[in-house]
Amino acid sequence: MLNLSRFFGRRAESDTTRGHIAYLGEPADIAGQLPDNTIGIVLGQLVVMAVDEPPHEITNTFIPQPKRLNHRADFSLKALQQKAVALNSSIHPLLAQQIETLDKARGIRFVLAVDAICKLAQRYRRRKSVVICNGYEASEQTYFDIYIFHHGLLIKTIESMIKPASHVRYAMDVRQQLDSVLAEFPGAKVVWTAPLSQLDLPGYDLDLVGPEIYEYKFPPVMCDGRTTPPNPKIPAIATAAVVVGSLAVGALDVSAFVQKRQTYDQLTMSNADTLSAPIEILQTRADWERGNNTDLVDKRYAQAKTLFSIIAAHPEWRVQSISLKTQAAGDASPVAAVDIPSISMTIITPSTAGRTPTEQAHGIVDALHNASGMQLTVRQQGITTISEAQLRITIDID
Amino acid sequence: MSIQTKMPHLVALALSALTIHSAHQFHVDMKQRIDQQTTLIQAREEWNNQQAAMQPLKDKWQATMPVVEDLIDQYRIIQRINAMQYNLRLNETGIVIADPTPVTYNGKPTGIMRYPLGNQGANLVLTASDYAGAWQALKELQSRPDIRFSRARLENEKGTATLYLENFALLARTDAK
């Protein structure tokens with residue numbers, strides 16, 4: 001998956017101040033003896049470059065490297081206005097083939113010299129034009145590279161092959177190259193860099209720079225030997241996938257919420273008009289009505305009616321009054337339940353000679369009990385003699 | 001490795017992290033809203049079920065018990081008792097209507113007001129032409145949900161029947177119509 005060490009670099013290993021530096025300018029240099037943990041500075045015949053140009057035909061066999069911006073770490077408005085463009089570079093296939101094995105087996109890694117040149121150019125970013133000379137001195141010829149910067153921005157590279165450094169015409173070739181460049185960019189600063197051996201060039205505004213430019217404080221970009229470079233669209237595709245996934249999750253959430261909302265709206269709509277009082281009050285009211293026990297009152301009424309019919313059917317007895325307790329025991333109305341019998345009945349009856357009023361009263365109660373099956377009691381002091389002929393008897397049923 | 005070449009990766013990583021973070025926030029937020037809504041729905045369903053269970057009683061009360069707005073004066077109170085429909089006669093001259101009091105049950109309100117009234121102290125005295133009619137009237141009065149009395153006494157004197165309803169009160173709901 002994601003190789004983090006590759007992403008962030010192995011800083012300690014790639015610190016060129018710790019390892020040996022070797023300049024690699026020809027395919028033969030790769031085959032030669034390189035000490036372990038060497039940092040190879042790639043230049044000369046092993047690399048081709050183009051600023052904002054289509055690749056050379058030679059790059060068909062060369063392996064493209066990650067694009068560099070043609071300036072380093074310059075995100076100023078000025079640089080952006082100058083429309084920074086990419087530096088395309090490709091490395092020799094022979095080098096590319098061996099990068100991985102050399103790295104894994106012996107810790108040898110490779111850096112493009114052009115990165116150091118671009119970094120160096122930042123020292124001269126206040127100058128309008130700077131011409132940096134770099135190259136590789138082989139035995140048969142010198143690979144001579146000229147980089148032209150405007151305010152630290154790489155605008156052109158010129159790669160050429162000139163006489164070997166030992167040749168008498170070497171200096172002349174150099175001057176020829178420089179003069180043609182300076183004709184185009186008059187008054188430019190000329191910087192002469194390692195690994196080219198130092199050369200006295202009177203008449204030029206010249207700075208000499210040694211191999212310290214290949215020392216990096218931060219891990220540089222390593223050469224990449226992979227013939228199929230990583231798909232540059234992968235970050236975009238991954239981000240798009242994340243966005244789409246997030247949106248999908250969000251959409252599911254929203255639809256779930258909307259559904260819940262609709263359910264709730266339906267629930268509230270179907271019963272919108274039924275609210276007349278809080279449900280707690282209605283429930284208390286229902287409980288209260290149950291406590292009123294109307295069934296009990298109905299039963300008393302029925303009992304009283306039965307007794308009344310029995311008495312009415314008797315030729316001598318007459319009902320004077322009937323009382324019915326209509327408040328049930330569970331009634332919680334403010335009027336206290338009075339301790340009264342459920343049913344009271346006052347009967348007028350003719351008195352019979354030879355029998356005491358109590359005997360007569362109990363005779364009636366027994367008769368009513370036999371007829372109705374109810375338990376009846378004669379009230380205390382409930383027997384009154386109205387006249388010689390009549391008795392009034394009050395009977396209670398609990 | 002330089003920051004430069006990995007810039008697209010870093011940007012993608014940052015954007016993805018931002019997106020995932022926002023999406024997660026949104027998801028958590030929506031989850032909370034959905035849970036809230038679910039709670040609301042459950043509460044509302046319970047409420048609806050309670051209301052539905054209460055509906056028959058509510059219909060009954062609607063039909064049988066007046067609201068307090070119906071009992072604004074003596075005329076309407078007497079009209080509400082409607083003694084005439086039971087062939088009962090009510091002597092209106094001595095009627096005293098006490099201040100209504102709320103009815104509570106186990107200390108909780110029932111939303112019912114009690115209007116005590118009587119034309120003989122706390123009793124309401126009604127007369128009927130005969131005993132059987134008074135007896136029938138009593139049955140109907142005591143089954144009325146909007147009328148309460150603690151005891152009914154039926155006196156049979158010289159061919160007229162008198163109905164004494166002790167601690168008589170008319171009930172009315174405080175419900176909204």
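Questions on a predicted two-chain model

Student: Which residue of β2(A) stands opposite Ile21(A)?
Tutor: This is a predicted model. Five bridges join β1(A) to strand β2 (residues 38–42) of chain A, and the two run parallel. Within β2(A), the residue opposite Ile21(A) is Ile39(A).

Student: What is the order of the open sheet of three strands in chain A?
Tutor: The pairing in this sheet is parallel. Its edge strands, each pairing on one side only, are β1 (20–24) and β7 (109–112) of chain A. From one strand to the next the twist averages 30°. The order is β1-β2-β7.

Student: What angle does the direction of α6(A) make with that of β7(A)?
Tutor: Helix α6(A) packs on the sheet and touches β2 and β7 of chain A. Its direction and that of β7(A) make an angle of about 45°.

Student: How many residues does helix α6 of chain A give to the largest nonpolar core?
Tutor: That core has 53 residues, and Val42(A), Ile117(A) and Ile132(A) have the most contacts inside it. Helix α6 covers residues 113–121 of chain A and gives the most to this core. Its share is seven residues.

Student: Which residue of β10(A) is the bridge partner of His150(A)?
Tutor: Strands β9 (residues 142–150) and β10 (residues 153–162) of chain A pair in the antiparallel sense over nine bridges. Their hairpin has two residues between the strands, and His151(A) takes a positive phi near 50° there. The partner of His150(A) is Leu153(A).

Student: Which element of chain B gives the most to the side that touches chain A?
Tutor: In all, 55 residues of chain B are in contact with 61 residues of chain A. Elements of chain B that each supply at least two residues to this side include α1 (7–64), β4 (108–118) and α3 (131–142). By class, the side has 22 nonpolar, 20 polar and 13 charged residues. The element that gives the most, with 26 residues, is α1(B).

Student: Which residue of β7(B) is the bridge partner of Leu324(A)?
Tutor: Strand β13 (residues 318–325) of chain A pairs with β7(B) in the antiparallel sense, over five bridges. In β7(B), the partner of Leu324(A) is Ala152(B).

Student: What is the order of the open sheet of eight strands?
Tutor: The pairing in this sheet is antiparallel. Its edge strands are β15 (377–385) of chain A and β1 (88–90) of chain B, each pairing on one side only. Neighbouring strands are turned by 20° against each other on average, direction ignored. The order is β15(A)-β16(A)-β14(A)-β13(A)-β7(B)-β8(B)-β5(B)-β1(B).

Student: Which residue of β14(A) is the bridge partner of Val319(A)?
Tutor: Six bridges join β13(A) to strand β14 (residues 343–350) of chain A, in the antiparallel sense. The partner of Val319(A) in β14(A) is Ile347(A).

Student: At what angle does α3(B) run to β7(B)?
Tutor: Helix α3(B) lies across β1, β5 (124–128), β7 and β8 (160–166) of chain B. Its angle to β7(B) is about 170°.

Notes. Residues numbered from 1 in each chain as written. Chains lettered and ligands numbered in written order. Predicted model: local features only at pLDDT ≥ 70, side-chain atom pairs only at ≥ 80, totals over all residues. Core = buried A, V, L, I, M, F, W, Y, C linked by C-beta atoms within 7 Å. Buried ≥ 20, exposed ≤ 12 C-beta atoms within 10 Å, placed from the backbone. Helix = DSSP H or I, 4+ residues; strand = E, 2+ residues; numbered from the N terminus. Contact = placed C-beta atoms within 7 Å. Nonpolar A, V, L, I, M, F, W, Y, C, P; charged D, E, K, R; others polar. Pairing = 2+ DSSP bridges. Axes fitted to C-alpha atoms, helices over the stretch in contact; angles between N-to-C directions.
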